[in-house]
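Could you walk me through this structure? I have it open in a viewer and would like to know what to select next.

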Amino acid sequence: MNESTSITRRELLGASLGLAASAAFASSPSFTLGADRDDKRIDRDKSLENQVGITTSSLAGHLTAKPGQGQFSLEQLPEILRDELGMRVIDLNTSSLASLDERYLDRCRNAAEKAGSRFINLKLNQRNLDMNSADEATRNHALAEYQRSINAASMLGCRWARVLPTAEKPDQARHVSAQRQLADYCAARNMQLLIENYGWMATDAASVPTLIAAIDRNVAACPDTGNWANNEVRAAGLKATFPLAVTCDFKARELGPQGEHAAYDLKSCFTIGWQAGFRGPWCLEHANRDRSALFKELALLSDMLKTWTQAAQH
């Protein structure tokens, strides 16, 4: 087979997994929270099943508002991910946004739509806010800033938003109250609030489902495969969290040349999710300051997930 007609393994995997998903993805209806909606239900998006995407935290040093040589902006990102990695699902971080200006957000959303891609989630990672404070003014300021970010997420077409957990366990009454306010704010914008294991939650395998049960409305899980104190907590935490998951941060740390991952078993994380009924999206979280090496490693991780998915389907 000559070069012009050859098909790479990645293209073959993507084609076999993605034809039906791509049609559904392109024509998927907007997410609507009706008045009769059961807010305790986990609303998974079938158009995102078997999709591999990326979290923009993976692109630190490469994604920037004013790109230099070898860098790119958020407006350029969807086309780059589509063309170089075959990815159309993007999980955003507030630090990835150059501005909350509506015109800028419109340009970014238009760029994603033009590339046939979607922004699905916005991680609210402002570390200088405290919605759990005993001081009412401090709490209200934090909630107002988070609401501004949720507005931005809505303008970008995101289905979900997530607040960054703190390092220390907060007062649970204030914390649940604040999360409920944000869950309601999301619901009014046809979005859903997500809970991710991070910070104080990383040592407790039951932390995510416990908090979701306490919030009790318009909330789901976004498990991060890497953010656990150790492998024992990781396995138990993922088993407890994946049944409530609508998306996943599939985190990988340092990789060997063939995808070896000494930190923990990546396939085991996938298997736990699959056995719990989770089917994606799997949003890769993996960093490398070398852009060429990063994209090769992201492609390797994507291929691994697609191979495991194919095997699990048969």
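**A guided tour**

Start by selecting arginine 159 and aspartate 45: both are buried, where buried means under 20% relative accessible area, exposed over 50% and partly exposed in between (1.4 Å probe, protein chains only). Keep in mind that this is a predicted model, in which local features need pLDDT of at least 70 and side-chain atom pairs count only at pLDDT 80 or more, while totals for chains, interfaces and linings use all residues. Residues are numbered from 1 along each chain as its sequence is written, and side-chain values use heavy atoms, leaving out hydrogens and water.

Now show the two side chains: they meet in a salt bridge (2.8 Å, N to O), that is, a side-chain nitrogen of Lys or Arg within 4 Å of a carboxyl oxygen of Asp or Glu. Arginine 159 sits in the loop between helix H4 (136-155) and strand E4 (160-163), and aspartate 45 in the loop between helix H1 (9-27) and strand E1 (52-55), so the pair ties together parts 114 residues apart in sequence. Helices (H or I, at least four residues) and strands (E, at least two) are DSSP runs, numbered from the N terminus.

Next, go to helix H4 and pick arginine 148 and glutamate 145, three residues apart, about one turn of the helix. Their side chains form a salt bridge too (3.1 Å, N to O). Arginine 148 is partly exposed, with a relative accessible area of 43%, and glutamate 145, at 22%, also counts as partly exposed.
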